[in-house]
There are 2 protein chains.
Amino acid sequence: MMRLTRRTEYGLMALAWLARAGGRFHSVREITENLDVPRRLLAEILKDLSQAGLVEAVRGPGGGYRLREDPGRLTLGRIVNVLEGPTIFAECYQGDCDLSPRCTIKRGIGEVARRLEAVLEDFTLEEVVHGPAGAPAPSPSS
Amino acid sequence: MMRLTRRTEYGLMALAWLARAGGRFHSVREITENLDVPRRLLAEILKDLSQAGLVEAVRGPGGGYRLREDPGRLTLGRIVNVLEGPTIFAECYQGDCDLSPRCTIKRGIGEVARRLEAVLEDFTLEEVVHGPAGAPAPSPSS
DNA sequence: TAAATTAGCACCGGTTTGGTGCTCTTTCAA
DNA sequence: TTGAAAGAGCACCAAACCGGTGCTAATTTA
């Protein structure tokens with residue numbers, strides 16, 4: 001539990017990189033040259049992020065991806081939600097529990113789930129990029 | 001991400017039931033008669049909890065399982081840790097990141113992981129049993 | 001000794017996950 | 001108008017993970 005999939009890690013890395021690179025559009029090729037992540041896979045991931053509206057895509061020469069919004073406004077919760085689907089902390093909690101009619105944890109577990117989700121909602125891409133309490137971010141090597 | 005496995009849900013249900021049943025030892029048979037969870041699987045789960053020292057086991061007739069400690073002192077974090085192994089939020093965070101030498105999220109992601117783990121450490125079995133803010137727990141039907 | 005119980009281990013089928021191949025569409029520039 | 005540079009879409013594969021079961025000990029009580 002509580003482990004990001006590779007897709008999400010790759011996606012975060014790309015988003016973080018885009019946040020620092022800023023400005024113009026950056027192609028998958030360019031990103032993977034700076035990040036070494038499997039190229040085709042990252043393409044798939046960015047496509048999803050594009051469909052979800054987190055990044056903007058432009059095709060053709062000079063095209064690529066660009067953040068659609070301010071990194072300080074983009075929460076980890078949204079990103080994870082896009083790349084891994086809606087969080088289902090426990091069957092119990094989602095209302096369609098078929099584990100047991102006599103389940104003993106329905107009550108408490110919902111609160112735990114809410115607290116966890118709140119943490120993810122509380123972090124923004126910007127904070128992921130800059131690290132805890134304003135640690136200096138290395139400048140993009142490109 | 002952030003989804004309990006069935007093993008953990010079952011384990012929690014059993015622990016919660018044991019917390020309420022209290023006192024003597026309760027066999028897997030007895031527990032599953034009250035919880036309908038696959039018997040053999042719950043046996044496996046309780047064995048793990050026993051090896052980890054969260055419950056006490058006694059074999060033979062009249063034997064079974066019993067909580068080894070106060071439900072108010074047993075954190076969700078420990079339970080999840082036993083049943084799902086140590087939490088690895090991201091490869092990055094555990095020091096052995098092989099995703100990229102130029103990873104851009106190492107810095108920030110650690111803090112997120114710590115916050116998430118803190119939430120789990122903050123909840124105890126007792127709170128899971130009683131639900132948010134002292135909702136009345138149904139008495140065991142046995 | 002017989003029955004009740006946990007312990008240990010191997011196994012199986014289905015789903016998820018990481019990753020790739022191939023083709024199509026869009027766009028720009030020569 | 002043509003060619004190359006990009007993203008879009010879809011199908012596919014191998015490996016890992018997960019829920020669940022079977023079978024056989026080992027331990028304990030009566």
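Start with chain A, whose elements run α-α-α-β-β-α-α-α from the N terminus on. Chain A has six helices and two strands; helices (H or I, at least four residues) and strands (E, at least two) are DSSP runs, numbered from the N terminus. The model is predicted, so local features need pLDDT of at least 70 and side-chain atom pairs count only at pLDDT 80 or more, while totals for chains, interfaces and linings use all residues. Residues are numbered from 1 along each chain as its sequence is written, chains are lettered from A and ligands numbered from 1 in the order in which they are written, and side-chain values use heavy atoms, with hydrogens and water left out.

**Stop 1: chain A as a whole**

Show the C-alpha atoms of chain A: along the principal axes they fill a box of roughly 60 × 35 × 25 Å. Of the 142 residues in chain A, 48% are buried. Buried means under 20% relative accessible area, exposed over 50%, and partly exposed in between (1.4 Å probe, protein chains only). Among the contacts in chain A between residues at least 6 apart in sequence, 60% join residues at least 24 apart. A contact means heavy atoms within 4.5 Å.

**Stop 2: Arg39(A)**

Select Arg39(A), in helix H3 of chain A. Arg39(A) is partly exposed, with a relative accessible area of 36%. Leaving out residues up to four places away in sequence, Arg39(A) touches Val28(A), Arg29(A), Thr32(A) and Glu33(A). The C-alpha atoms of Arg39(A) and Arg29(A) are separated by 7.0 Å, and these residues are 10 apart along the chain. Side chain to side chain, Arg39(A) makes a polar contact of 3.0 Å with Thr32(A). A polar contact is a pair of N or O atoms within 3.5 Å; within protein, one must be able to donate a hydrogen and the other to accept it, and residues adjacent in sequence count only if both atoms are side-chain atoms.

**Stop 3: DNA strand C**

Select DNA strand C, which 25 residues surround. A residue is near a strand if one of its heavy atoms lies within 4 Å of it. The closest are Arg6(A), Arg40(A), Pro61(A), Gln51(B) and Tyr65(B). Which part of DNA strand C lies within 4 Å of the protein, sugar or phosphate, or bases? Of those atoms, 67% belong to sugar or phosphate and the rest to bases.

Zoom in on the phosphate oxygens of DNA strand C:

- One is 2.6 Å from a polar backbone atom of Arg6(A).
- One is 2.6 Å from a side-chain N or O atom of Gln51(B).
- One is 2.5 Å from a side-chain N or O atom of Tyr65(B).

Now colour by element. Two or more residues of this surface come from each of helix H1 (6-21) and helix H3 (39-51) of chain A, and from each of helix H3 (39-51), strand E1 (55-58) and strand E2 (64-67) of chain B. H3(B) gives the most, with five residues.

**Stop 4: DNA strand D**

Move to DNA strand D, also with 25 residues around it. The closest are Gln51(A), Tyr65(A), Arg6(B), Arg40(B) and Pro61(B). A polar side-chain atom of Gln51(A) lies 2.7 Å from a phosphate oxygen of DNA strand D. The bases are reached too: a polar side-chain atom of Arg40(A) is 3.5 Å from a base oxygen, and one of Arg59(B) is 3.2 Å from a base nitrogen. H3(A) supplies the largest share of the surface near DNA strand D, five residues.

**Stop 5: helix H4 of chain B**

Select residues 76-84 of chain B, helix H4. Its buried residues are Leu76(B), Gly77(B), Ile79(B), Val80(B), Leu83(B) and Glu84(B). They cover an arc of only 165 degrees around the axis, which puts them on the same side of H4(B); the arc is that of the directions from the helix axis to the C-beta atoms. The buried residues of H4(B) pack against H5 of chain A, and against H1, H3, helix H5 (106-122) and helix H6 (125-130) of chain B. Just after H4(B), Gly85(B) takes a positive phi of about 80 degrees.

**Stop 6: between the chains**

Select Glu91(A), in the loop between helix H4 (76-84) and helix H5 (106-122) of chain A. Glu91(A) is buried, with a relative accessible area of 14%. Its side chain is joined to that of Arg3(B) by a polar contact of 2.4 Å.

Finish with Phe89(B). Among the residues Phe89(B) touches, not counting those up to four places away in sequence, are Met2(A), Arg3(A), Leu4(A), Met1(B) and Leu116(B).
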